[in-house]
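Hi there,

Here is the structure I promised to pass on to you. Have a look at it first, and then read my notes below.

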Amino acid sequence: MIYAFTISLGIGTKNQPETQAATHGLDWCVQHGYKKVILEVDSELLTKWLNHKSKPPWKLQQYITKLHQITTQLEFFKCQHTYREANTTTDFLSKESHRSNITQHFYT
């Protein structure tokens, strides 16, 4: 892991903040010159949408379109599902984002 963050994403379905967080993270990668990215998410639906295996709901189409636009700027992109039990850091950061409206950045 190179970068992690907490960001307040407002109210919505659980798929909306997952998608927005992926957009934020991939956009950060592009802005900082990372061209080969493996995105691990604990949302099987988001994985299917990004891998073109199913269609997202119309309410999330704009976010998925933005994600696809960002991935075209990368030399290599892979989105894979990881089980929640293996994603404790992400769960912690998600809970932190609900406690504060302040965006936090963590780098390694």
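**What I found**

Where pLDDT is low, the predicted coordinates should not be read in detail. For the protein chain, the mean pLDDT is 85, with 84% of its residues at 70 or more.

This is a predicted model, in which local features need pLDDT of at least 70 and side-chain atom pairs count only at pLDDT 80 or more, while totals for chains, interfaces and linings use all residues. Residues are numbered from 1 along each chain as its sequence is written, and side-chain values use heavy atoms, leaving out hydrogens and water.

Now to a helix pair. The axes of helix H1 (residues 15–31) and H3 come within 10 Å and cross at roughly 20° (axes are lines fitted to C-alpha atoms, for helices over the stretch in contact, and angles run from 0 to 180 degrees between N-to-C directions). H1 and H3 are therefore roughly parallel to each other (angles under 35 degrees).

One loop residue is also worth a look. His52 lies in the loop between helix H2 (44–50) and H3, and has a positive phi of about 60° although it is not a glycine.

Best wishes

Conventions. pLDDT is the predictor's confidence in each residue, from 0 to 100. Helices (H or I, at least four residues) and strands (E, at least two) are DSSP runs, numbered from the N terminus. Angles under 35 degrees count as roughly parallel, over 145 as roughly antiparallel, 65 to 115 as roughly perpendicular and the rest as oblique.
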